[in-house]
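Below is a brief report on one protein chain. It moves from a ring pair to the core and then to model confidence.

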Amino acid sequence: MTHLSDPLESALRQIEQRSGAVSAKLITGEPQALADAASALQQIAVEFFQIAPSLTLSTTASAALKARLQRIAAGMAMQRENLIRRQVVVQRALDAILPAAQGSAYAKTTSPYSSVGKQTGAFKVLAA
């Protein structure tokens with residue numbers, strides 16, 4: 001295995017660790033812990049992309065970096081799919097618990113510009 005520069009290697013290791021933490025929190029299903037882990041992953045990814053352009057790598061190190069980044073990206077794509085699956089499960093559970101909430105939040109309209117607002121009764125007269 002080729003060795004990458006120390007700051008780059010450290011950043012990649014942290015990204016991989018935090019990505020693993022996101023996967024673990026996704027499995028446990030704790031929303032706040034998942035949000036915290038995702039936020040930590042986002043922070044280290046931002047830091048990585050700030051230092052990456054300033055580094056110069058040999059072609060072999062560059063190929064190793066590319067392969068490693070592709071593995072990380074594939075893992076994140078899998079996490080995204082799992083988040084979508086979890087969202088569907090939660091939505092179905094909500095629909096079962098609160099069937100009245102399944103309706104649309106907005107009134108149906110045939111006009112391309114929405115519908116006319118309904119008066120609440122709070123103001124009967126408009127004056128300028």
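## Aromatic pair and core

This predicted model contains one aromatic pair. Its members are Phe48 and Phe49, arranged edge-to-face. The ring centres lie 5.0 Å apart.

Phe48 is buried, because its relative accessibility of 2% falls under 20%. Phe49 is exposed, because its 57% is over 50%. Gln79, a residue of helix H3, is buried too, at 7% relative accessible area.

| Residue | Relative accessibility | Class |
|---|---|---|
| Phe48 | 2% | buried |
| Gln79 | 7% | buried |
| Phe49 | 57% | exposed |

Which residues have the most contacts inside the largest nonpolar core? They are Leu8, Leu12, Ile15, Val22, Leu41, Phe48 and Leu65. The core has 13 residues. Helices H1 (6–28), H2 and H3 each give two or more of them. H1 gives the most, with six residues.

Phe48 touches Leu8, Ala11, Leu12, Ile15, Leu65 and Leu69. Gln79 is in contact with Ser19, Val22, Ser23, Leu26 and Leu41.

## Confidence

The chain averages a pLDDT of 79. At least 70 is reached by 73% of the residues. Among the elements, helix H2 (residues 31–51) has the highest mean pLDDT, 90. Helix H3 (residues 59–97) has the lowest, 87. Where pLDDT is low, predicted coordinates should not be read in detail.

How values were computed:
Residues numbered from 1 in each chain as written. Predicted model: local features only at pLDDT ≥ 70, side-chain atom pairs only at ≥ 80, totals over all residues. Heavy atoms only, no water. pLDDT = per-residue confidence, 0-100. Helix = DSSP H or I, 4+ residues; strand = E, 2+ residues; numbered from the N terminus. Core = buried A, V, L, I, M, F, W, Y, C linked by side-chain atoms within 4.5 Å. Buried < 20%, exposed > 50% of the residue type's maximum accessible area, 1.4 Å probe, protein only. Contact = heavy atoms within 4.5 Å. Phe/Tyr/Trp six-rings, centres within 6.5 Å; stacked < 30°, edge-to-face > 60°. Lists of a residue's contacts leave out its neighbours within four places in sequence.
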